[in-house]
Amino acid sequence: MSSDNSGKYHQNLIPDANDDDDGMDIRNEEQSMVHQNVGAGTPHHDLQSDMEMMKERFAKLLLGEDMSGGGKEKGKLEPLAPERKARWRKEMDWLLSVTDHIVELVPSQQISKDGTNMEETLDNFGEEQEFWYVSKNENQDIDNSSQRDDKWWHPIVKVPENGLSETSRKRLQYQKESVNQVLKAAMNINAQVLSEIQIPESYIDSLPKNGRESLGDSIYKSITVDSFDPLQFLSAMDFSTEHKVLDFKNRIEASILIWKRKMNQKDGWNPWGSGISSGKRELFEVRAETILLLLKQQFPGVAQSSLDISKIQENRDVGLAIQESYSRVLESLAFSVMSRIEDVLHADSLTRTRRCSEIDCSGDTDTLGIK
């Protein structure tokens, strides 16, 4: 689940369809495997391969190399195949297995007001849907303007010539809102956990000596003016590529930390000192914090910053590591599903607008559900 262009969501926690998928409980078998010399092709050998794959992926996940399903993210709104769903649940079990002797896990499920189980959102998108997908080859002779330029690698969404029915449209909107709540919760949890992880000394040592050097003259002057509007400031920034968004995020986070350290080291000489008053420094830090918050809201799928990666890689608290990685996986999945819902709604909106222009429905906008 990348912002469809995000480095944050670039790998797949779920193995490929041709990967081994032995359903045996790895944790129950691991100890006996250590003492057995088994041959290739046996169930035990398959289990050993499964274990090695789990160890590799788990290690990479905890080192900040996101294995959450982004590299081969879902391009369609449809239920997961049974074998892929089984893999997902098994690998989630792997991820949480280290908590067996740390916390008590109490199974729970979210039940919506209509009584439906909210555990598997993708199960709600079966064959009865009013939208479908075609490949680019199948779409050569058809208007494909519903395809977003920033999502050219996804299958093309198709809807009926008059667009989705009102019932289907409302249902998709409801699903989007539900998934968005999961996304927000996962993002908040992940941000909170990251804030609790100690900042490594190696990151601090790599920081510039002042906020101006971190931000650059142009950005620094814009943030430190007397009259400051964060929304206007962000609207003037060039965020045309993910690299530019991530670079800006790194600069802002670094400047926030620099100003905080200077405020905490008021007494005596220190290499972080400058001629700026403590009050102004605090004001600049608050402005930068506001900008960072708005940036994360505007680009929820942006790749992890240098500070986040540094924290994840240097963290030695097992509990925080589990919370951070698990919330990151859920955030990735929710963002991917919500993006696919938005693709369908986008195709529906374009189709209805195009159809309305063809039949001149300006006097009856309710005909196609256009408000």
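In this predicted model, helix H9 passes helix H10 in a left-handed crossing. A crossing of the left-handed kind is also found where H4 passes H12. Helices H4, H10 and H12 each give two or more residues to the lining of the second largest pocket, and that pocket has a volume of about 500 Å³.

**Packing of H9 and H10**

- Helix H9 covers residues 242-264, and its axis comes within 9 Å of the axis of H10.
- The two axes cross at roughly 150 degrees; because angles over 145 degrees count as roughly antiparallel, H9 and H10 are therefore described as roughly antiparallel to each other.

**Packing of H4 and H12**

- Helix H4 spans residues 166-196 and helix H12 spans residues 318-359.
- Their axes lie 8 Å apart, and the packing angle is about 150 degrees.
- By the cut-off of 145 degrees, H4 and H12 are therefore also roughly antiparallel to each other.
- Sorted by class, the contact of H4 with H12 contains 18 nonpolar, six polar and nine charged residues.

**Second largest pocket**

- The pocket, with its volume of about 500 Å³, is lined by 22 residues.
- Closest to the pocket centre are Met187, Asn188, Ala191, Lys296 and Gln297.
- The elements that supply two or more lining residues are H4, H10 (278-298) and H12.
- Helix H4 gives the most to this lining, with eight residues.
- By class, the lining residues comprise ten nonpolar, five polar and seven charged.

**Domains at the pocket**

- Domain 1 consists of the segments 105-139, 146-197 and 317-356, and domain 2 consists of 199-265 and 277-314.
- Each of these two domains provides at least three residues to the lining of the second largest pocket.

Definitions and conventions
Residues numbered from 1 in each chain as written. Predicted model: local features only at pLDDT ≥ 70, side-chain atom pairs only at ≥ 80, totals over all residues. Heavy atoms only, no water. Axes fitted to C-alpha atoms, helices over the stretch in contact; angles between N-to-C directions. Helix = DSSP H or I, 4+ residues; strand = E, 2+ residues; numbered from the N terminus. Parallel < 35°, antiparallel > 145°, perpendicular 65-115°, else oblique. Left-handed = near helix turned anticlockwise from the far one by under 90°. Nonpolar A, V, L, I, M, F, W, Y, C, P; charged D, E, K, R; others polar. 1 Å grid on protein atoms, 1.4 Å probe; cavity = no way out; pocket = protein on both sides within 12 Å on 5 of 7 lines; lining within 4 Å. Points joined across faces, edges and corners; volume = space filled by probe spheres on them. Domains from an automatic or database assignment.
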